[in-house]
Amino acid sequence: MDASLVLAAMTGITLAAACGLRAFLPPLALGLAARFGVLQLGPSFAWLSSDPALVALGLATVVEIAADKFPIVDHALDVAGTVLRPAAAAVVALGVLPHLPVPIGALLAVACSAGALGVHALKAKTRLGSTALTLGHLNPLLSLAEDGVTLALTAAAVLIPLAAFALLLGILWLMLRRRPAHGEA
């Protein structure tokens, strides 16, 4: 297997996971990376680096990040994110892996969408718990942490895919390790 394909897959998977936290930041970063020649998108995804797409994704990113700091609004964003985040995950994953054969590309898009949906579900569950325990007062701090994780994963995925993928695996391991076993309190 080609090493560049493996790195591209790591980039796509990591960006897709980051979409589970923020729908618009990873596609924006991907579009900017393509615009500045850091990576190349497939012809079907070149639109991500166009002026209209970058402006729209930039505005959407700012609105999503700002709106997520408000306890009631963050839950509305989570509802919308149930559709948006998996779709964004499919776009970023396929954007960096455009030359995959159709069945493999489609399966990767579905897997990445499912992964983003899983990250999104865990985030939403954490937010609901935070809202119940702190009446939403902790939600803005959780949102800032999510911004930082998304930014770190996205930047690393574009600039150093192997490290980003390792970071993603480490985060997933910590998240799974912290979950109580079935039946525990």
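Predicted model: local features only at pLDDT ≥ 70, side-chain atom pairs only at ≥ 80, totals over all residues.
Two packed helices are described by the angle between their axes and the distance between the axes. For helix α1, which spans residues 3-19, and helix α6, which spans residues 139-159, the axes come within 9 Å and cross at roughly 165°. Because angles over 145 degrees count as roughly antiparallel, α1 is roughly antiparallel to α6. The crossing of these two helices, α1 and α6, is left-handed. On the α1 side the contact involves T11, T14, L15 and A18, and these meet T150, L153, T154, A157 and V158 on the α6 side. Sorted by class, the residues in this contact of α1 with α6 comprise 5 nonpolar and 4 polar ones, with no charged residues.

A second pair is formed by α2 and α3, whose axes come within 9 Å and cross at roughly 145°. Here, too, the handedness can be given: α2 and α3 make a left-handed crossing. From α2 the residues L25, P27, L28, G31, L32 and R35 take part in the contact, while α3 contributes D51, L54, L57, G58 and T61. By class, the contact of α2 with α3 has 6 nonpolar, 3 polar and 2 charged residues.

The loop between α2, residues 25-35, and α3, residues 51-67, is the place of G42. This glycine, G42, counts as buried because its relative accessibility is 1%, and the cut-off for that class is under 20%. Once residues up to four places away in sequence are set aside, G42 touches G95 and P98. With P98 the separation along the chain is 56 residues, yet the C-alpha atoms of G42 and P98 lie 4.9 Å apart in space.

What does the side chain of D74 join through a polar contact? The partner is the side chain of R127, and the polar contact between D74 and R127 has a length of 2.5 Å.

Key: Residues numbered from 1 in each chain as written. Heavy atoms only, no water. Axes fitted to C-alpha atoms, helices over the stretch in contact; angles between N-to-C directions. Helix = DSSP H or I, 4+ residues; strand = E, 2+ residues; numbered from the N terminus. Parallel < 35°, antiparallel > 145°, perpendicular 65-115°, else oblique. Left-handed = near helix turned anticlockwise from the far one by under 90°. Contact = heavy atoms within 4.5 Å. Nonpolar A, V, L, I, M, F, W, Y, C, P; charged D, E, K, R; others polar. Buried < 20%, exposed > 50% of the residue type's maximum accessible area, 1.4 Å probe, protein only. Polar contact = N/O pair within 3.5 Å; in protein donor to acceptor, adjacent residues only side chain to side chain.
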